[in-house]
Amino acid sequence: MKNNVKVQRAIANLTQAELAEKIGVSRQTINAIEAGKYVPSTVLALKMAKLFEKSVNDIFELEADD
């Protein structure tokens with residue numbers, strides 16, 4: 001799964017720690033999501049979408065092998 005969390009976070013002018021605090025996870029979780037090492041839960045993806053005022057599909061994209 002590809003994502004543009006880092007881009008959305010930069011647009012919102014948030015650090016990984018600030019984003020993590022706003023959605024109730026650790027900074028390490030944000031780092032792992034941005035690096036593509038962790039696929040967030042539906043709830044976490046929805047929280048990010050709400051915070052960034054985007055749809056989940058605007059932030060996360062399935063790849064052909066997913």
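Helices (H or I, at least four residues) and strands (E, at least two) are DSSP runs, numbered from the N terminus.

**Entry 1: the model.** I noted that this is a predicted model, where local features need pLDDT of at least 70, side-chain atom pairs count only at pLDDT 80 or more, and totals for chains, interfaces and linings use all residues. Residues are numbered from 1 along each chain as its sequence is written, and side-chain values use heavy atoms, with hydrogens and water left out.

**Entry 2: the fold.** I counted 5 helices and 2 strands in the protein chain. Along the sequence, I read the pattern β-α-α-α-α-α-β. I also looked up the box that the C-alpha atoms fill, roughly 30 × 25 × 20 Å along the principal axes.

**Entry 3: the core.** Next I looked for a nonpolar core, a set of buried Ala, Val, Leu, Ile, Met, Phe, Trp, Tyr and Cys residues joined through side-chain atoms within 4.5 Å. Buried means under 20% relative accessible area, exposed over 50%, partly exposed in between (1.4 Å probe, protein chains only). The largest core has 14 residues, and Val 5, Leu 19, Met 48 and Phe 60 touch the most other members. Helices H2 (16-23), H3 (27-34) and H4 (42-52) each give two or more residues to this core, and H4 gives the most, with 5 residues.

**Entry 4: two residues.** Contact means heavy atoms within 4.5 Å. Not counting residues up to four places away in sequence, I found Met 48 touching Val 5, Ile 23, Ile 30, Ile 33, Ile 59 and Phe 60. Then I turned to Gln 8, in helix H1 (residues 5-11). Is Gln 8 buried or exposed? Gln 8 counts as buried because its relative accessibility is 8%. With the sequence limit of four places again, Gln 8 touches Phe 52, Lys 54 and Ile 59.
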